[in-house]
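Please read the following report alongside the sequence and the coordinates.

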Amino acid sequence: MTSNPIIIRGARPYAEGEPVDIAIAGGIITAIGPGLDLPEGATEIDGSGKILLPGLVDMHTHLREPGREDTETIDTGSAAAALGGYTAVFAMANTDPVADNVVITDHVWQRGQDAGIVDVHPVGAVTVGLKGKQLTEMAAMANGKGRVRMFSDDGVCVEDPLMMRRALEYARGLDVLIAQHAEEPRLTVGAVAHEGPTAARLGLAGWPRAAEEAIVARDALLARDAGYRVHICHASTAGTVELVKWAKAQGISLTAEVTPHHLLLDDSRLETYDAVNKVNPPLRERSDVEALRAALAAGIIDCVATDHAPHAAQEKCCGFAHARPGMLGLQTALSIIAEVMVKPGLLTWREVARVMSERPAEIVRLHDQGRPIEVGEPANLVLVDPEARWTVRSDEFASLSRNNPFEGMELAARVTMTMLRGRVTARDGEVIPR
Ligand SMILES: NC(=O)N[C@@H](CC(=O)O)C(=O)O
Ligand SMILES: [Zn+2]
Ligand SMILES: [Zn+2]
């Protein structure tokens, strides 16, 4: 795939230093400097007032194909990702059928490549059918065309400690990542909201913090004994932060992600009983939100992942207890991080590049993403207008679903262009198909 040479004029990489021009050809960055000549046939993109970052990498997204193409497809999810500034996403395995074999993981990879606007990396299931009873053939998926490098039963927890231990041993042999949805299911029977004063008052069955933290602690110990890495999906409590900090201090190879919604929203949102606020793990208390922000700023939590989880209207309109958990995230993630982390001075834009691109790429060993903005590097880039203010309107979103808790919010900063290997995939709110 070759595309025309491009020059981005007058942008500031990482919001640092003077504005520069960035020349791109053959999928790579060929020159960086002030006042570059316009090569033959090149397209110019105005980058003045904008920040240039490496393309974002999402370790945790649900694209619903195969099985629930009424709520999202690889095409529509890819479009949402490109509009959100992403150049690579990891599509979780809880599809129907489950991505627990190489036929499905290769299919997801190929569909993503056919769409051609973001690299869709399939996540393989850890256990057959996400049932927790039998390990999948991880090696076959890892060695397939889709080169699966991350396995997760996300949606459910790998509950059996012996199963988790075996999974880590196999993963070590293959150098792939196991990502855990940390939820002790015996503690969340019937749970629909964070266990605390709000849920008690509203009469909603509570999901205690201990359900998450017990598994985080257990898996840290299993990682220690296996001498191998574990990744914690969607960390949501102050206690999880303490446990991750402890594990890292012991030299245990534990990494963790946090979602934009757990960094912005708390359980006071449940007052309306609107199921758009129902998610796993649940929205917690303000003190948890503050702890998660501080942990991301301090590098205790490694990265941001969206957990983009589209659902149909009929799955969200019923009573709170019966609605499906999950919320959209791909098209709002960067703006929410700008709002809650950059504006208050908790992260610089350089550090945003770290938590939304470089670090996730490192954790999953994705060698062509999250690279420095330097000559010779792959041109996976995103241009951000830091001064833009915009209002979230889901009916303008590329996603097929509308379960958007950020609807109507005014947010800071906006993605104005996304580039995958030198080709512009989204610009000014429009996807650019190949
Ligand atoms: N986060 C959610 O509430 N839902 C996710 C599953 C998951 O991430 O656990 C989904 O697949 O809908
Ligand atoms: Zn999950
Ligand atoms: Zn998920």
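In which sense do strand 13 and strand 14 pair, and over how many bridges? In this predicted model, strand 13 (residues 230-232) and strand 14 (residues 254-258) pair in the parallel sense over 3 bridges, and Val230 stands opposite Leu254 in strand 14. Both strands belong to an open sheet of 5 strands, which has the order 9-10-13-14-15 and parallel pairing. Its edges are strand 9 (150-152) and strand 15 (303-304), each of which pairs on one side only.

The helix crossing comes next. The axes of helix 1 (residues 74-83) and helix 2 (residues 102-115) come within 9 Å and cross at roughly 60°. An angle of 65 to 115 degrees would count as roughly perpendicular and one under 35 degrees as roughly parallel; helix 1 and helix 2 are therefore oblique to each other. Their crossing is right-handed, and the residues that make the contact are set out in the table.

| Helix | Residues in the contact |
|---|---|
| Helix 1 | Ile74, Asp75, Ser78 |
| Helix 2 | Val108, Arg111, Gly112, Ala115 |

By class, the residues of this contact of helix 1 with helix 2 divide into 3 nonpolar, 2 polar and 2 charged.

Helix 10 (residues 333-342) is mostly covered, with 10 of its 10 residues buried. The buried residues of helix 10 include Leu334, Ile336, Ile337, Val340, Met341 and Val342, and Ser335 and Glu339 are buried there as well.

Notes. Residues are numbered from 1 along each chain as its sequence is written. Chains are lettered from A and ligands numbered from 1 in the order in which they are written. This is a predicted model: local features need pLDDT of at least 70, side-chain atom pairs count only at pLDDT 80 or more; totals for chains, interfaces and linings use all residues. A residue is buried if 20 or more other C-beta atoms lie within 10 Å of its own, exposed if 12 or fewer, and partly exposed in between; C-beta atoms are placed from the backbone. Helices (H or I, at least four residues) and strands (E, at least two) are DSSP runs, numbered from the N terminus. Axes are lines fitted to C-alpha atoms, for helices over the stretch in contact, and angles run from 0 to 180 degrees between N-to-C directions. Angles under 35 degrees count as roughly parallel, over 145 as roughly antiparallel, 65 to 115 as roughly perpendicular and the rest as oblique. A crossing is left-handed if the near helix is turned anticlockwise from the far one by less than a right angle, and right-handed if clockwise. Two residues are in contact if their C-beta atoms, placed from the backbone, lie within 7 Å. Ala, Val, Leu, Ile, Met, Phe, Trp, Tyr, Cys and Pro count as nonpolar, Asp, Glu, Lys and Arg as charged, and the others, Gly among them, as polar. Two strands pair if DSSP finds at least two bridges between them.
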